[in-house]
Amino acid sequence: MLLVSFDGFRWDYDRDVDTPNLDAMARDGVKAHYVTPPYLTITSPTHFTLLTGLYIENHGVIHNMWFNTTSTEKKSYYATQFQNDWWDNGSLPIWITAQRQGLKAGSLHFPGTAASYQGEVVMVREVEPWLYNFANETLWKRNVDEVMDWFSRRDVDFVSLYFGEPDGVGHKFGPDSPQRHAMVRQVDRTVGYMRRAVESAGLAGRLNIIITADHGMSTVYHGAGVKQITLSKIPGFSFSDVAFHLVDYGPSGMLLPKPGRLDKVYNVLKGAHPHLHVYKKEEMPARLHFSRHDRILPIVLWADPGYLINGYIPVQSNKGEHGFDNQHMDMKPFFRAAGPAFRKNLEVGPFETVNIYPLMCHILGIRPEVNDGHLNATKHMLASTGEDIQGGMSTEDMALTGLAAVVGFLAAVVIVLVSVSVYKRKKAAKGGLMGSVAHNNIDDFEKETAEHTTF
Ligand SMILES: [Zn+2]
């Protein structure tokens with residue numbers, strides 16, 4: 001199994017650029033309309049969700065930047081990759097789980113690769129070097145070759161592979177720029193190169209590939225006519241009421257008010273700007289799953305699409321940004337999957353990226369850790385792996401291919417009848433089928449997800 005992330009590849013980037021290789025992969029496998037990342041829609045937190053199946057409040061990698069509210073120290077995205085305690089805070093990425101269950105895992109440049117987890121590291125790894133040229137196509141091909149070598153000569157079972165684009169051009173030039181179009185063509189060429197490399201390594205019949213991203217990208221409003229959000233300009237707000245702040249980082253921010261000043265800070269900010277959302281941590285909308293972790297500061301801020309949150313003065317000049325509400329369509333990544341485990345030429349509806357983890361665990365045949373995802377959300381993509389799963393996917397197929405409602409209804413009735421009879425047969429046979437193994441796993445997920453609420 002190979003998990004590939006192209007940072008910041010928005011779900012619709014294949015619409016205004018020719019992407020023959022991504023299109024071929026969709027014909028040979030599965031394409032999702034889009035996927036929904038967790039909130040906060042920034043790189044390290046959303047990648048750690050891909051690796052754990054956990055919402056960000058449950059895995060604790062709540063920001064790209066490590067910070068200490070007492071010393072007020074902050075570390076950059078890159079420095080935070082090596083800040084072990086930031087990553088190793090109770091959740092296990094899929095590499096470690098796979099290794100503990102007898103598989104070999106590898107990772108190239110994927111966020112989280114440099115850290116150790118409960119004393120263990122991913123067995124075969126390459127950490128992104130400092131000042132790496134993450135847009136260089138020659139290096140991309142070299143990285144693909146390296147990963148193919150791991151599969152064919154080092155016998156790894158799972159690899160996560162990361163590319164830093166088209167995020168870079170999306171930030172610098174904006175998501176509608178010619179530079180972004182050109183980078184999507186480069187991504188597409190690399191996908192073609194990767195799939196030919198799989199063929200020539202003789203892995204085509206064995207290797208499953210998922211290609212997705214961590215978040216999308218949205219155009220930032222600049223210019224004299226835009227009423228920017230600058231906290232220091234808000235009447236009644238003062239940074240002297242705040243012990244620690246994390247702002248000037250796109251459209252999101254967090255504040256730790258000084259003792260006794262929480263309500264003062266909250267009240268002056270709430271409603272102060274038409275495009276600024278202000279929440280006390282415990283009042284955050286539940287759908288964002290960004291409230292429960294100790295690291296999340298008492299006041300959480302986010303801006304509407306197009307707007308950024310500035311501290312003292314506007315210092316952010318990017319033409320594109322992410323970090324917005326994960327409901328915003330511009331934040332949705334793309335998703336492709338192909339390989340022997342997947343159905344062919346299937347387009348599926350959207351699902352949350354927490355569900356990719358249980359799908360990968362299922363394909364690898366490992367028992368997942370406690371997670372927020374569910375195989376039910378993705379199992380309709382799978383080629384025949386048991387009767388239970390086939391029953392589940394056919395109903396969604398009907399909805400997706402737009403068959404007449406009557407036909408769909410009749411098919412659903414047939415499926416229900418078949419499923420019931422299969423279930424009865426299995427009960428009588430007391431398991432042994434693949435399908436019944438999958439079914440037990442699903443029961444486990446449900447139990448585990450329920451237990452999770454006690455965190
Ligand atoms: Zn990113």
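Predicted model: local features only at pLDDT ≥ 70, side-chain atom pairs only at ≥ 80, totals over all residues.

**The sheet**

Strand β6 (residues 105-108) runs parallel to β7, and three bridges join them. Across from L108 I found E126 in β7.

**Between β6 and β7**

I then checked the loop between β6 and β7, where Q118 sits. Its phi is positive, about 50°, and Q118 is not a glycine. I made a note of that because most residues other than glycine have a negative phi. Is Q118 buried or exposed? I get 9 other C-beta atoms within 10 Å, so Q118 is exposed.

**Another positive phi**

H289 is also on my list: not a glycine, yet with a positive phi of about 50°. I placed H289 in the loop between β14 (276-280) and β15 (299-303). The count here is 22 other C-beta atoms within 10 Å, and the cut-off for buried is 20 or more, so H289 is buried.

**Cis peptides**

Which residues does a cis peptide bond with omega of about 15° join? I found Y39 and L40. L40 belongs to the loop between β3 (35-36) and α2 (43-52).

I logged another cis bond from E165 to P166, with omega near 10°. P166 is in the loop between β8 (158-163) and α8 (167-173). I flagged these bonds because most peptide bonds are trans.

**Helix α11**

I went through helix α11 (residues 356-364) for burial. Eight of its nine residues are buried, so the helix is largely enclosed by the rest of the structure. The buried ones are I356, Y357, P358, L359, M360, C361, H362 and L364. After α11 comes G365, and its phi is positive, near 70°.

**Q327**

Last stop: the loop between β17 (320-321) and β18 (335-338), which holds Q327. I count 12 C-beta neighbours inside 10 Å for Q327, and exposed means 12 or fewer, so Q327 is exposed. How far apart are Q327 and R287 in sequence and in space? They are 40 residues apart in sequence and 9.5 Å apart in space, C-alpha to C-alpha.

Key
Residues numbered from 1 in each chain as written. Pairing = 2+ DSSP bridges. Helix = DSSP H or I, 4+ residues; strand = E, 2+ residues; numbered from the N terminus.
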